[in-house]
Amino acid sequence: MSNGAKANWKPQTKMVHGGTLRSGFGETSEAIYLTQGFVYDTAAAAEARFKGEEEGFIYSRYANPTVDMFEKRMCALEGAEDARSTSSGMAAVSMALLCSAGAGDHVVAARALFGSCRWIIEKQMPKWGIESTLVDGTKMEEWEKAVRPNTKLFFLESPTNPTLEVVDIAAVAKLADSIGARLVVDNVFATPMQQKPLELGAHVVVYSATKHIDGQGRCLGGIVLSDKEWIDKSLHDFFRHTGPSLSPFNAWTLLKGLETLPVRVRQQTESAGKIADFLAGHRKVDRLIYPGRADHPQADIVRKQMKGGSTLLCIDIKDGKKGAFAFQDALEIVRISNNLGDAKSLITHPATTTHKNLAEEARAELGINPGTVRLSVGLEDVDDLIADIDRALAKVA
Ligand SMILES: *Cc1c(COP(=O)(O)O)cnc(C)c1O
């Protein structure tokens with residue numbers, strides 16, 4: 001499939017020009033094709049389109065020109081042969097998982113997963129006869145031990161939410177290949193700018209485009225990228241008949257997000273690194289986890305598989321929940337929100353929000369403490385952010 005970008009273009013060029021389809025008007029910016037369907041000149045043309053003998057669009061649940069531009073631009077960035085975009089990140093994750101396993105199969109997943117992803121594996125898959133084992137993703141021996149004769153799928157996030165643990169993607173991919181299983185990687189936290197799971201050997205990469213790809217808090221979206229054969233054989237029909245399609249308007253918003261993704265992620269990562277250095281050793285901070293620092297628990301794997309640090313930090317504030325709440329409430333620029341990857345800096349207290357449904361022990365197992373907060377660094381001036389954080393930390397007992 002041509003994605004409208006030259007293979008030797010750098011990511012920043014691909015993000016501006018990849019996938020562009022211009023109409024006869026020659027518009028500079030991508031057009032929004034806000035249409036449900038398409039018309040045919042003749043009955044024979046409709047027949048040919050349905051038979052697949054003639055190229056063209058049929059119905060926007062299947063494909064749409066604006067959505068197609070977004071998918072092609074993402075393929076160019078990711079180095080993927082094909083993709084299907086969806087109305088949310090969870091639609092993308094659930095479709096990728098449900099198209100990779102069926103009744104009688106077994107799934108191995110890292111236990112540090114985004115809450116809804118973990119729900120699909122632990123609650124929904126068993127109802128459809130799919131068994132699973134959750135492992136500590138940072139320990140290769142746990143992945144190996146969990147393998148069964150019917151293991152068909154491996155699933156992981158790296159870095160993880162919210163403790164930013166890093167999993168060795170190439171090692172898990174190698175294990176998957178050795179038993180003929182597929183590895184699906186949720187690459188939201190790394191962003192396509194910092195990590196390329198397909199190049200590391202993963203078979204499928206999924207995104208919530210809601211996060212850094214939009215990056216400006218406007219719309220939900222998701223995408224599944226893989227090789228053409230798997231998309232054609234395992235995903236295509238499920239996608240068409242279950243209808244998780246992305247709206248053309250949201251696809252357009254995400255296309256415009258991609259144009260600025262490289263500069264935003266670069267700036268946000270640089271600021272996050274400066275904030276991490278400021279917080280390291282701060283007397284109101286019990287623990288700091290930042291993938292760009294040499295003291296990160298998996299610093300050697302970060303160096304091996306990621307280009308930069310992260311736009312996110314995991315911080316344990318002194319005095320547990322009381323300290324974490326006092327800190328959040330005292331912030332003036334950083335806003336309290338469970339979202340991430342936004343132009344606006346956002347802070348979350350996982351134990352009482354995103355991870356409140358987990359049992360206390362399950363949270364402890366993931367390293368989520370009462371004082372843990374997750375900071376998503378935005379595009380504000382870093383000196384203003386550090387001043388805001390410093391002033392708010394002073395409010396912690
Ligand atoms: C947000 C998120 C999702 C889900 O995406 P939505 O767009 O909210 O449906 C999945 N995985 C990770 C890691 C996320 O951060």
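A polar contact is a pair of N or O atoms within 3.5 Å; within protein, one must be able to donate a hydrogen and the other to accept it, and residues adjacent in sequence count only if both atoms are side-chain atoms. Keep that in mind for aspartate 186, whose side chain has a polar atom 3.2 Å from the backbone nitrogen of valine 188.

This is a predicted model, in which local features need pLDDT of at least 70 and side-chain atom pairs count only at pLDDT 80 or more, while totals for chains, interfaces and linings use all residues. Residues are numbered from 1 along each chain as its sequence is written, and side-chain values use heavy atoms, with hydrogens and water left out.

**Salt bridges within helices**

- The structure holds 26 salt bridges, a salt bridge being a side-chain nitrogen of Lys or Arg within 4 Å of a carboxyl oxygen of Asp or Glu.
- One of them joins the side chains of lysine 72 and aspartate 68, at 2.5 Å from N to O.
- Both residues sit in helix 3 (residues 65-78), four residues apart, about one turn of the helix; helices (H or I, at least four residues) and strands (E, at least two) are DSSP runs, numbered from the N terminus.
- Lysine 72 and aspartate 68 are both buried, where buried means under 20% relative accessible area, exposed over 50%, and partly exposed in between (1.4 Å probe, protein chains only).
- Glutamate 270 pairs with lysine 274 in another salt bridge, with the closest N and O atoms 3.5 Å apart.
- About one helical turn separates glutamate 270 and lysine 274, because they are four residues apart in helix 10 (residues 248-279).
- Glutamate 270 counts as partly exposed at 45% relative accessibility, and lysine 274 counts as partly exposed at 41%.

- Aspartate 277 forms a salt bridge with arginine 293, the closest N and O atoms being 2.7 Å apart.
- Aspartate 277 lies in helix 10 and arginine 293 in the loop between strand 8 (285-289) and helix 11 (299-305), so this pair ties together parts that are 16 residues apart in sequence.
- At 48% relative accessibility, aspartate 277 is partly exposed.

**A buried aspartate without a salt bridge**

- Aspartate 186 is found in strand 5 (residues 182-186).
- What is the nearest side chain of opposite charge to aspartate 186? That is lysine 211, 7.5 Å away, and aspartate 186 is buried yet has no salt bridge; Lys and Arg count as positive and Asp and Glu as negative, with His and the chain ends not counted.
- Leaving aside neighbours within four places in sequence, the contacts of aspartate 186 include Val93, Cys117, Phe155 and Glu157, contact meaning heavy atoms within 4.5 Å.
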